[in-house]
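Hi,

Here is the structure I promised to pass on.

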Amino acid sequence: MNENQGKPIEGTSKTASITEQNFFGHPKGLFYLAFTEAWERFSFYGMTALLVLYMVNQLLLPGHVEHIAGFEGFRNLIESITGPLSTLAISSLIFGLYSGFVYFTPVFGGLIADRWTGQRNAVVIGALLMTAGHIVMAFDQTFLLALLLLIIGSGFLKGNIAAQVGALYPAGDEVRRTRGFVIFSTAINIGAIFGPLLCGYLAQAYGWHYGFGIAGVFMVIGLLTYLYGYRYLPAKVSHSNLDKSSLAPEEKRKVIASLVVIIITIFQSASYYQLFNVFKIWIQENVDLSVGGFNIPVPWFQSVDSIASVLAVPLLFIIWKWQASRGSEPNELQKIGTGAWIAVASHSALLLGIFFAGDGQVHLIWPVLCAFGMGVGFMYQLPTLLAIVSRGAPARFNSTMMGIIYISVFVANLVVGWLGGIYESMSPAEFWLMHAAIAAVGGVLILLFSKKLDAILSAKTILT
């Protein structure tokens, strides 16, 4: 595709035609970006809902593990660093490496888009690679290849599609930009709701590979949605028209402050992403899943936090609007801090469930409450963080800075994988108490530094 086709040039009517197309008060391109992300997240979360359970219950057991191309050498390399690992430990580590690198590669995808391909073409490349990855995930032999394709494809897609959301809005339109990212995140959660439900049901009823296969189908739908709305999306920024001088002092301070905020959110992210890893193993082993004779598929629990995120959006809009009318709406950093404390409370629900269960099985209401709370906390954290970075990053580094957000999630998921590896050496109560404490660290750091960081991020940049 010609990335310059329909390219918006600042100050022209073409820019106006892209930003003024109306979708519930937002640019029309937001509709296509949101639905593309919904389909992509359907496939991604549907697959990840199965991944650890699939490895622990089938793929890495004798009779299957021997068929995985290149796995023996991969395991030998990992165990040369860690020592011998149990099936659960290496499954957790593989999950942490995979989910970590899925969020690490976007920084390189952002660099490639900023310098060569443009954001639109990069998203198309990423969607094609991820489609191939979901398809080959349906076969034991190509398991490692599937993970590699998904990691590289995500690198091209994730940061660039998020950067396009921010680019839909003109400078100074921060209120609509923040709400645009909330709508975008809602689309993510809609996909994240139905992916685990459908993939989890198909995997339980017909076999693992049916669950993985349907994830590939919906990735294709996401790609087609993006291509259909291609003309409404921001194209590559022309660097020849941008200031190539060093960052102004105000810009440097904002970049540094944005990086500090990104680092602080690692703590909440580490507590959150354990929902996709050992949380499901703990449910499988400790929770009574029988309801009226029906055994609830464990992957369905991964949909709960996304349901909470979607339900929270209109309520949060109402609360924030009411607070704004009284001059008491929390600033962006305070919202991130609130999300961290909600994560602490959510993990505490698991501790209560374990306490009341005694020696018996935990009632399913407790993991539901935990996942629901984590979903609400997510809506306080991620959309706000995206808005902060989108606003504070200099235009010529916007995609790169958006990609750096995902490096924090990369670090968090490496921590998640490592923590999952020590799950078997701790009691469940100790394990979830540790995750509550991790989230609390993020909340405390916001309390300590939010005033200084907010002053820097809110300052107007004056360029000469």
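This is a predicted model: local features need pLDDT of at least 70, side-chain atom pairs count only at pLDDT 80 or more; totals for chains, interfaces and linings use all residues.

Residues are numbered from 1 along each chain as its sequence is written, and side-chain values use heavy atoms, with hydrogens and water left out.

Cavities first. There are five of 30 Å³ or more. By cavity I mean a set of points, on a 1 Å grid over the protein atoms alone, where a 1.4 Å probe fits but cannot get out; lining residues have an atom within 4 Å of a point. Points are joined across faces, edges and corners, and the volume is the space filled by probe spheres set on them.

The largest cavity comes to about 110 Å³. It has 13 lining residues, and Lys 158, Ile 188, Phe 378, Leu 382 and Tyr 406 are the closest to its centre. Helix 2 (29-59), helix 8 (174-206), helix 14 (365-392) and helix 15 (398-421) each put at least two residues into that lining; helices here are DSSP runs (H or I, at least four residues), numbered from the N terminus. By class, the lining has 10 nonpolar, no polar and three charged residues (Ala, Val, Leu, Ile, Met, Phe, Trp, Tyr, Cys and Pro are nonpolar, Asp, Glu, Lys and Arg charged, and the others, Gly among them, polar).

The second largest cavity has a volume of about 80 Å³. Phe 378 and Leu 382 turn up in its lining too, along with others including Thr 265, Tyr 272 and Gln 381. Helix 10 (249-273), helix 14 and helix 15 each give two or more residues. This lining has seven nonpolar, four polar and no charged residues.

Now the helix pairs. Helix 8 packs on helix 9 (residues 208-228) at about 150°, with the axes 6 Å apart (axes are lines fitted to C-alpha atoms over the stretch in contact, and angles run from 0 to 180 degrees between N-to-C directions). That makes the two roughly antiparallel, a label for angles over 145 degrees. The contact has 10 nonpolar, one polar and no charged residues.

Helix 13 (residues 332-357) and helix 16 (residues 428-458) cross at roughly 170°, their axes coming within 8 Å, and are therefore roughly antiparallel as well. Their contact holds 21 nonpolar, six polar and one charged residue.

Cheers

Definitions and conventions: On a 1 Å grid over the protein atoms alone, a cavity is a set of points where a 1.4 Å probe fits but cannot get out, and a pocket is an open set with protein on both sides within 12 Å along at least five of seven lines; lining residues have an atom within 4 Å of a point. Angles under 35 degrees count as roughly parallel, over 145 as roughly antiparallel, 65 to 115 as roughly perpendicular and the rest as oblique.
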